[in-house]
Amino acid sequence: MWNGLCFEIEVVDISFRFGVQDDAPQLDRVQSLSIVGLCKSHYTNEEIRALTQHIKPYHTWIAQGMFSGFFVFLAENNGDIVGFSSISGKGILHGMYVLPEYSQRGIGSKLLSGVESTAKQRGTEYISVTASLNSQYFYEKHGYQYLGSASLPLRQGTTIKAISMQKILTCP
Ligand SMILES: CC(C)(COP(=O)(O)OP(=O)(O)OC[C@H]1O[C@@H](n2cnc3c(N)ncnc32)[C@H](O)[C@@H]1OP(=O)(O)O)[C@@H](O)C(=O)NCCC(=O)NCCS
């Protein structure tokens, strides 16, 4: 609905499920659009371009992870993927992306608690993430501790500033 100020997407019915290999093209699309739309507060256009060019296609992650406990948890609106999170069997959070037009509606929080509870059920003791600078508040709000600055290696020897965060999954 166009309200004169901004374009609002009507969130009809958000559902959550685990991802499968066939979801990979949509995951790649969500990842790129999310970085382009939501990381510009903390990164230059050049850094965003480098980041989107660097990212590994999701079918590669899914194929590699099939034997190591890697899984994707995703959100759909009327059959379209609007956000997802992914985590390795060792508790490394690889991806946490929501489409810009669906952000700030609690979808990221639900995705994060989905991967956390599944990881916990699988015996993971803590989750580590090399997070983008713009996501620090989001992770802190969900109990992640800032461990220090980090850098994400990109192609051709360049790096991008990031932060290292961790959450201990203690039993209540
Ligand atoms: C980080 C991200 C996944 C959050 O998803 P989301 O669906 O918007 O998150 P939620 O709606 O559940 O928000 C939870 C809280 O984080 C806050 N938040 C979310 N994005 C924020 C941002 N860019 N800046 C400041 N606060 C933010 C929300 O305001 C909310 O806090 P509140 O309840 O106090 O208002 C999303 O912004 C995103 O995809 N960012 C780009 C990709 C990225 O950087 N991912 C992290 C890579 S490690």
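Strand 6 and strand 7 (residues 159–168) pair in the antiparallel sense over eight bridges. Strands count as paired if DSSP finds at least two bridges between them. Helices (H or I, at least four residues) and strands (E, at least two) are DSSP runs, numbered from the N terminus. Within this pair, Tyr146 has Met165 of strand 7 as its bridge partner. The model is a predicted one: local features need pLDDT of at least 70, side-chain atom pairs count only at pLDDT 80 or more, and totals for chains, interfaces and linings use all residues. Residue numbers start from 1 along each chain as its sequence is written.

Axes are lines fitted to C-alpha atoms, for helices over the stretch in contact, and angles run from 0 to 180 degrees between N-to-C directions.

The protein chain as a whole has five helices and seven strands. From the N terminus on, its elements run β-α-α-α-β-β-β-α-β-α-β-β. Among contacts with a separation of 6 or more, 60% link residues 24 or more positions apart. Two residues are in contact if their C-beta atoms, placed from the backbone, lie within 7 Å.

A second open sheet contains four strands in the order 1-2-3-4, with antiparallel pairing. Strand 1 (14–18) and strand 4 stand at its edges with a single partner strand each, so one side of each lacks a neighbour in the sheet. Neighbouring strands here are turned by 20 degrees against each other on average, direction ignored. Helix 1 packs on this sheet and touches strand 2, strand 3 and strand 4. The direction of helix 1 makes about 90 degrees with that of strand 3. Helix 4 lies across strand 1, strand 2, strand 3 and strand 4, running at about 40 degrees to strand 3.

Five bridges join strand 3 to strand 4, and the two run antiparallel. Phe84 has Tyr97 of strand 4 as its bridge partner. Ser86 is partnered by Gly95, also in strand 4. The hairpin of these strands has five residues between them, and Gly91 there takes a positive phi near 85 degrees. Strand 4 is mostly covered, with five of its six residues buried. A residue is buried if 20 or more other C-beta atoms lie within 10 Å of its own, exposed if 12 or fewer, and partly exposed in between, with C-beta atoms placed from the backbone. Of the 172 residues of the protein chain, 28% count as buried.

Phe18 lies in strand 1. Phe18 counts as partly exposed because it has 13 C-beta neighbours inside 10 Å. Neighbours within four places in sequence aside, Phe18 is in contact with Phe71, Val72 and Phe73. Phe18 and Ala75 are 57 residues apart in sequence, yet 8.8 Å apart in space, C-alpha to C-alpha.

The largest nonpolar core has 31 residues, of which Val72, Phe73, Val82, Phe84, Leu111 and Val115 touch the most other members. Helix 1 (24–38), helix 3 (58–65), strand 2 (71–77), strand 3 (80–87), strand 4 (93–98), helix 4 (107–121) and strand 5 (126–131) each supply at least two residues of this core. A nonpolar core is a set of buried Ala, Val, Leu, Ile, Met, Phe, Trp, Tyr and Cys residues joined through C-beta atoms within 7 Å. Leaving aside neighbours within four places in sequence, Val115 is in contact with Phe73, Ser85, Ile87 and Leu93.

Around the ligand are 22 residues, of which Leu38, Ser103, Gly108, Ser109 and Ser132 come nearest. A residue is near a molecule or strand if its C-beta atom, placed from the backbone, lies within 6 Å of it. Helix 1, strand 4, helix 4, strand 5 and helix 5 (136–141) each supply at least two residues of this shell. By class, the shell has 11 nonpolar, nine polar and two charged residues. Ala, Val, Leu, Ile, Met, Phe, Trp, Tyr, Cys and Pro count as nonpolar, Asp, Glu, Lys and Arg as charged, and the others, Gly among them, as polar.

Two loop residues other than glycine have positive phi. Asn78, in the loop between strand 2 and strand 3, has a phi of about 50 degrees. Asn78 is exposed, with 11 other C-beta atoms within 10 Å. Gln104 lies in the loop between strand 4 and helix 4, and its phi is near 65 degrees. With 10 C-beta neighbours inside 10 Å, Gln104 also counts as exposed.
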